[in-house]
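Hello,

Here is the structure for your files. Notes on one helix and on the ligand site follow below it.

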Amino acid sequence: MNALLKGKKGIIFGALDPNSIAWKVAQKCHEQGATFVLTNAPIALRMGKINELAEATGSTVIGADATSLEDLENLFTQSQEILGGKIDFVLHSIGMSPNVRKGKHYTETDYDNYHKTMDISAMSFHRVMQTAKKLDALAHGASVLALSYIAAQRVFPDYNDMADAKSLLESIGRSFGYHFGKSGGVRVNTISQSPTRTTAGQGVKGFDAFYEYADKMSPLGNADADSCADYCVVMFSDLTRMVTMQNLFHDGGFSFTGVSTEVMEMVANSAE
Ligand SMILES: NC(=O)c1ccc[n+]([C@@H]2O[C@H](COP(=O)([O-])OP(=O)(O)OC[C@H]3O[C@@H](n4cnc5c(N)ncnc54)[C@H](O)[C@@H]3O)[C@@H](O)[C@H]2O)c1
């Protein structure tokens with residue numbers, strides 16, 4: 001064990017079950033000496049397994065709907081009391097689209113659902129940071145991260161309105177990162193992760209085929225949740241103290257690969 005996060009206090013959103021990226025992040029942060037509060041929406045606390053993770057990592061669970069300012073204020077206030085001081089790192093690992101869930105096509109969207117997608121998957125990131133700023137809850141040099149996906153830059157048709165949510169999420173990261181940098185020495189980044197087998201990931205239509213395609217397109221193969229968690233640890237550590245306002249691709253090289261030999265061969269074979 002190293003101790004990259006020794007003495008650091010955090011809040012981790014979004015650990016639902018052992019497949020969740022946030023679950024792995026919590027495990028790795030614990031291994032690296034951090035203490036933290038785990039949080040999720042009240043319904044997820046009832047349905048998920050978060051208490052097992054809390055027990056294994058010696059953490060407290062506090063319910064908070066990321067769309068509720070009241071819940072977030074309570075979360076940041078209580079977390080500082082429990083952890084004994086200001087917060088050094090925050091992971092926003094939250095995504096949900098009612099349109100994706102209900103199979104509503106992008107071109108025939110339901111706008112109530114669309115609002116919810118933005119509210120839960122993107123505006124919640126602003127709310128988290130606005131609440132932390134209002135309560136002056138973040139320590140100087142704190143690191144805030146959210147998880148994104150490359151559909152923010154390039155079209156993946158079945159990603160639906162989550163693509164728009166991720167664009168907004170990344171923009172919020174940059175904008176808040178500026179203000180937070182100026183006012184409190186806090187850094188804000190998004191990590192753009194490969195397709196990953198989780199509850200949220202597998203909710204996207206055609207996930208399995210797309211997962212295989214991305215794997216074949218990426219020189220290193222798809223990045224898994226475990227390696228994403230390692231990257232989060234580094235981003236929470238002081239080793240990356242001057243990195244802010246970035247969208248960081250963690251995708252085995254997918255984002256900069258035009259085409260791979262494997263995909264060329266697959267297309268050639270199917271054309272024969
Ligand atoms: N799985 C992938 O392929 C993939 C790829 C790139 C990025 N991501 C992103 O990673 C993040 C984590 O997703 P995951 O893949 O670990 O799936 P997951 O389903 O395990 O995690 C999503 C979490 O969001 C939480 N959530 C939903 N509504 C909420 C609300 N109102 N308030 C608080 N929490 C709420 C859920 O309870 C769940 O814990 C998401 O932002 C997702 O878009 C996932």
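A residue is called buried if 20 or more other C-beta atoms lie within 10 Å of its own, exposed if 12 or fewer, and partly exposed in between, with C-beta atoms placed from the backbone. The model is predicted, with local features needing pLDDT of at least 70 and side-chain atom pairs counting only at pLDDT 80 or more, while totals for chains, interfaces and linings use all residues. Residues are numbered from 1 along each chain as its sequence is written.

Helix α4. Helices (H or I, at least four residues) and strands (E, at least two) are DSSP runs numbered from the N terminus. In α4, the buried residues are L72, L75, F76, S79 and L83. They line one face of the helix, because seen down its axis they fall within an arc of 90° (taken from the directions from the helix axis to the C-beta atoms). On the face turned away from that buried side are the exposed residues E70 and E81. Packing against the buried residues of α4 are β1 (9-13), β2 (35-40), β3 (60-63), β4 (87-92) and α6 (111-134), where contact means C-beta atoms within 7 Å. After α4 comes G84, with a positive phi near 80°.

Ligand site. The ligand is surrounded by 27 residues, of which S20, G95, T198, A200 and G201 are the closest; a residue counts if its C-beta atom, placed from the backbone, lies within 6 Å. Two or more residues each come from α1 (21-31), β5 (138-148) and α8 (199-202). The largest contribution is that of α8, with three residues.

Regards

Terms used:
Two residues are in contact if their C-beta atoms, placed from the backbone, lie within 7 Å.
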